[in-house]
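Visitor: Please take a close look at one part of this structure, the charged side chains and their pairings. I would like a single connected account.

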Amino acid sequence: MKKIYFTVGPSQIYPTLPKHLSEALKQDIPSLNHRGADFKKLYSDLDSNLKKLLGIPKNYEIFFTSSALEAMERTILGTVEKNSYHIITGSFGKAWAKYAEELGKQVIKFEVDLSDLSVIRNSDFIDTPNFLKSELICITQNDTSTGIQIPMEEIYFLKKKYPEKLIAIDVVSSIPYVDIDYSKIDITFFSVQKGFGLPAGLGIMVVSPNALKKTKRLKDKGMSIGSYHSLLNLSEKYKSFQTPETPNVLNIFLLNKVCLDLLKKGIQNVRKETDKKYDIISTFFNNHPKFSHSVKDERYRSRTTIVINTSGETQKIKQSLSKQGFEIGAGYGENKDTQLRIANFPTQNLSDLKKLLNLF
Ligand SMILES: *Cc1c(COP(=O)(O)O)cnc(C)c1O
């Protein structure tokens with residue numbers, strides 16, 4: 001039986017993906033020479049379509065990595081001389097900080113107390129000496145492990161107060177829903193198997209001129225900023241819409257096609273639909289006799305990855321739903337048996353959502 005995926009990643013494929021895949025084969029995309037004019041045109045098209053869709057400024061550069069985890073490493077290597085500051089609301093933020101430590105940086109971790117998220121809004125942690133000396137602030141805007149989102153206004157607030165610090169955000173499980181003013185963010189990254197409904201194995205980095213200046217300064221100081229995928233190498237290649245390595249051309253082709261689909265639909269409509277589905281999920285679990293939202297404070301509750309407490313019934317529920325054709329996510333890590341995670345990406349449609357909720 002063909003399943004419907006409400007898993008948070010990889011997720012349900014975008015509905016037009018089969019059509020685009022067969023188009024790719026018809027056009028021999030897997031054999032496309034990545035040094036040729038057709039690839040340059042594809043990269044250039046994706047660059048302008050993604051910028052149009054997401055509202056990315058023209059002078060920002062868009063790079064390909066193997067995935068989001070690689071982008072975490074590139075961000076640290078490319079922009080941090082000594083200190084990085086990490087606001088941690090879950091396992092993905094924790095992983096990012098760990099990679100920075102493994103790269104030899106002095107890492108300052110601000111682990112948010114999950115039972116009192118207002119500390120982000122109150123910004124108690126800024127103005128501390130550790131914060132003041134940090135060069136880069138790393139923020140998991142939507143941590144898929146806990147279902148906690150940090151509203152963009154709180155991130156802009158940091159940039160406004162400390163414009164000289166670089167800010168990097170992980171939006172893997174909130175893009176393309178999350179509405180970002182990129183002029184206030186230096187590095188944004190995501191992979192494509194969540195909100196875009198594509199096969200895994202492609203990461204996207206959106207990098208500001210300021211971040212690129214910093215990487216140049218580190219290089220001039222004689223620091224290692226990485227090798228073939230250093231931000232500098234990526235940037236030099238980008239100027240002629242080329243990549244250092246042989247890239248995932250098939251997935252780049254598919255991402256461009258899905259961008260065009262989303263442009264046709266209109267990003268505002270995509271966001272409205274997501275909000276509407278979120279309201280349905282949110283109300284449903286607010287009123288459920290047995291299951292409840294893990295993130296109580298709605299301001300910080302993710303709109304795209306909803307985490308539900310199951311009082312230990314996760315496996316039972318998952319199995320039962322699976323028999324009825326629906327796959328949903330278990331809790332992350334230690335919450336594997338006590339929570340469920342439900343994706344609310346553009347690819348999950350309202351009628352499937354209603355069917356899924358009916359089964360609860
Ligand atoms: C899934 C996920 C990642 C990792 O993505 P990969 O494609 O596996 O590298 C990073 N951050 C967040 C928030 C995620 O949800």
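Guide: Lysine 265 has a relative accessible area of 33%, so it counts as partly exposed, the class that lies between under 20% for buried and over 50% for exposed. The model is a predicted one. The partner of lysine 265 is glutamate 273, and the two form a salt bridge in which the closest N and O atoms are 3.0 Å apart. Glutamate 273 is partly exposed too, because its relative accessibility is 36%.

Salt bridges can also share partners: Glu70, Glu73 and Arg74 are joined into one network in this way. In total, the count comes to 20 salt bridges.

Lysine 98 and glutamate 102 form a salt bridge, with 3.5 Å between the closest N and O atoms. Both residues belong to helix H4, which covers residues 91–102, and they are 4 residues apart, or about one turn of the helix. Their exposure can be read against the cut-off of 50%, over which a residue is called exposed. Glutamate 102 has 56% relative accessibility, so it counts as exposed. Lysine 98 has a relative accessible area of 45%, and therefore it is partly exposed.

The side chains of aspartate 179 and arginine 271 meet in a salt bridge, at 3.6 Å from N to O. Aspartate 179 is in the loop between strand E8 (166–170) and strand E9 (187–191), while arginine 271 is in helix H11 (residues 267–286); the two are 92 residues apart. Is arginine 271 buried or exposed? Its relative accessible area is 7%, so arginine 271 is buried, given that buried means under 20%. Aspartate 179 is partly exposed, because its relative accessibility is 48%.

Some charged residues belong to a surface patch instead. Asp113, Asp116, Asp275, Asp279, Asp297 and Glu298 form a negative surface patch. Patch residues must have over 30% relative accessible area and no salt bridge. Aspartate 113 is located in the loop that runs between strand E4 (106–111) and helix H5 (118–122).

How values were computed: Residues numbered from 1 in each chain as written. Predicted model: local features only at pLDDT ≥ 70, side-chain atom pairs only at ≥ 80, totals over all residues. Heavy atoms only, no water. Patch = residues over 30% accessible without salt bridge, like charges linked within 9 Å, V, L, I, M, F, W, Y side chains within 5 Å. Areas by Shrake-Rupley, 256 points an atom, 1.4 Å probe, with all protein chains shown as cover. Salt bridge = Lys/Arg side-chain N within 4 Å of Asp/Glu carboxyl O. Lys, Arg positive; Asp, Glu negative; His and termini not counted. Charge placed at Lys NZ, Arg CZ, Asp CG, Glu CD. Buried < 20%, exposed > 50% of the residue type's maximum accessible area, 1.4 Å probe, protein only.
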